[in-house]
Amino acid sequence: MKALALVNTNLVSENDVEMLPDVNIAGTSIKCAMIDVGMPSFNRKEKDNENFVLVKVNALSCNYRDKAIIVKSALKMHGDLNFQAPPFAFFGSDFVGTIIDKGQLVKEFDIGDRVIPNCAFPEQPFPGVAPGVVTNEASKGWLRLHKSKLITIPSKMSDEIASGYSIGGQTSTSMVRRVNLKSNERALVLSGRSNTSMFIINKLIEKGIDTTILTTSNWGKEEINLISPAKIVKVDKSEHSWENYAELGNFDVVFDPFFDLHLEKAVKQLNTGGRYITCGYKNQHQDFKDEFDKFNKNNLHTIMLKVMINNMSIIGNCIGTGDDLENSLKTFNPDTFIIPTDSKYFVEEGNKFIEQTYNNNGRLGKAVLKYKD
């Protein structure tokens with residue numbers, strides 16, 4: 001199959017692969033190409049394969065964590081020690097695929113089943129199998145995975161939605177569960193256009209929670225209708241931006257996908273006994289910092305004094321449990337699922353897929369890369 005890869009052009013001649021136009025991410029040039037990846041051998045009778053399956057990727061998408069992975073791989077390929085970097089690098093942690101073959105002890109799946117990653121964390125899903133993200137290399141196209149790291153999806157879920165569902169669905173369900181929201185409480189969701197925030201908003205709407213969304217982006221009328229009855233408040237990136245919006249009021253829970261952007265400001269918006277929960281951070285690589293980061297002071301003394309005096313809780317959340325993902329899939333309804341697919345690309349448009357994923361701040365929903373048979 002044709003797969004999308006980053007290429008170390010110091011080791012691989014551009015004449016030997018189907019190069020695509022470069023993409024710039026955070027000042028780093030990303031050289032990518034289509035390469036041929038053959039179906040790997042998989043002997044179902046071998047003991048090493050008895051609990052494993054062979055998955056063919058149908059479609060994939062990238063999360064914010066993949067941005068740092070891509071940039072770090074590209075920098076290694078460009079650096080003085082580029083000869084120590086691999087000739088190719090793959091990426092992508094969200095995908096949907098089809099089981100092509102399976103080991104003798106795999107009873108949970110049938111050949112032909114469509115599956116997505118089960119990134120359950122922190123519990124170990126099976127002896128000797130690490131918890132957490134299933135792969136960083138979904139773009140490779142073929143994946144040999146342990147059976148405990150996958151879950152089947154409903155037939156009513158399209159490949160486009162499934163390709164970006166696992167981490168968002170699992171994380172949002174975990175975060176909403178852990179803050180134990182009551183029906184009369186108010187919730188604030190930050191970075192409203194991020195994929196994780198959209199999943200959280202979807203869960204809060206399902207529960208009928210009074211929800212406000214903070215965003216620095218412009219939302220179109222159709223996009224606003226998607227998240228109704230949640231309310232949108234647009235702020236700028238200045239130091240005192242939130243203080244200019246008296247209508248915000250205080251909240252019982254704040255959901256934040258980027259603690260290094262918002263923590264100190266968010267804590268100030270909490271009621272006594274409020275809960276702040278976060279699942280990630282923006283500056284996962286030094287090149288991701290920008291001029292607006294100077295406004296995100298996050299003074300520990302100020303934060304902890306506020307938290308202590310007002311009996312607040314700061315909760316860190318890393319993905320979620322297997323039950324969280326199962327529950328998310330059980331409640332999935334294509335008629336009420338609010339998160340759109342932003343755009344779809346095939347492998348020969350791989351550069352456009354990367355560009356849309358990381359360089360279009362107006363994107364709502366994920367860009368999806370579809371692989372052909």
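**View 1. Lys372 and the ring of Phe346.** In this predicted model, the charged end of Lys372 sits over the ring of Phe346, at 5.1 Å from its centre. A charge counts as sitting over a ring if NZ of Lys or CZ of Arg is within 6 Å of the ring centre and within 35 degrees of the ring normal.

**View 2. Arg193 and Trp219.** Here Arg193 is found over the face of Trp219, 5.0 Å from the ring centre.

**View 3. Tyr165 and Phe199.** Rings of Phe, Tyr and Trp (its six-membered ring) pair if their centres lie within 6.5 Å; planes under 30 degrees apart are stacked, over 60 edge-to-face and the rest tilted. By this rule there are 6 aromatic pairs. In one of them, the centres of Tyr165 and Phe199 are 5.3 Å apart with planes at 80 degrees, so this pair is edge-to-face. Tyr165 is in the loop between helix H2 (159-162) and helix H3 (166-179), while Phe199 belongs to helix H4 (residues 195-207), 34 residues apart. Both Tyr165 and Phe199 are buried (under 20% relative accessible area, 1.4 Å probe, protein chains only; exposed is over 50%, partly exposed in between).

**View 4. Tyr165 and Phe337.** With centres 5.9 Å apart and planes at 35 degrees, the rings of Tyr165 and Phe337 make a pair that is tilted. Phe337 is in the loop between helix H8 (322-330) and strand S18 (341-346), so its pairing with Tyr165 ties together parts 172 residues apart in sequence. Helices (H or I, at least four residues) and strands (E, at least two) are DSSP runs, numbered from the N terminus.

**View 5. An aromatic cluster.** Tyr165, Phe199, Phe332 and Phe337 form one cluster.

**Notes.** Residues are numbered from 1 along each chain as its sequence is written, and side-chain values use heavy atoms, leaving out hydrogens and water. Local features need pLDDT of at least 70, side-chain atom pairs count only at pLDDT 80 or more, and totals for chains, interfaces and linings use all residues.
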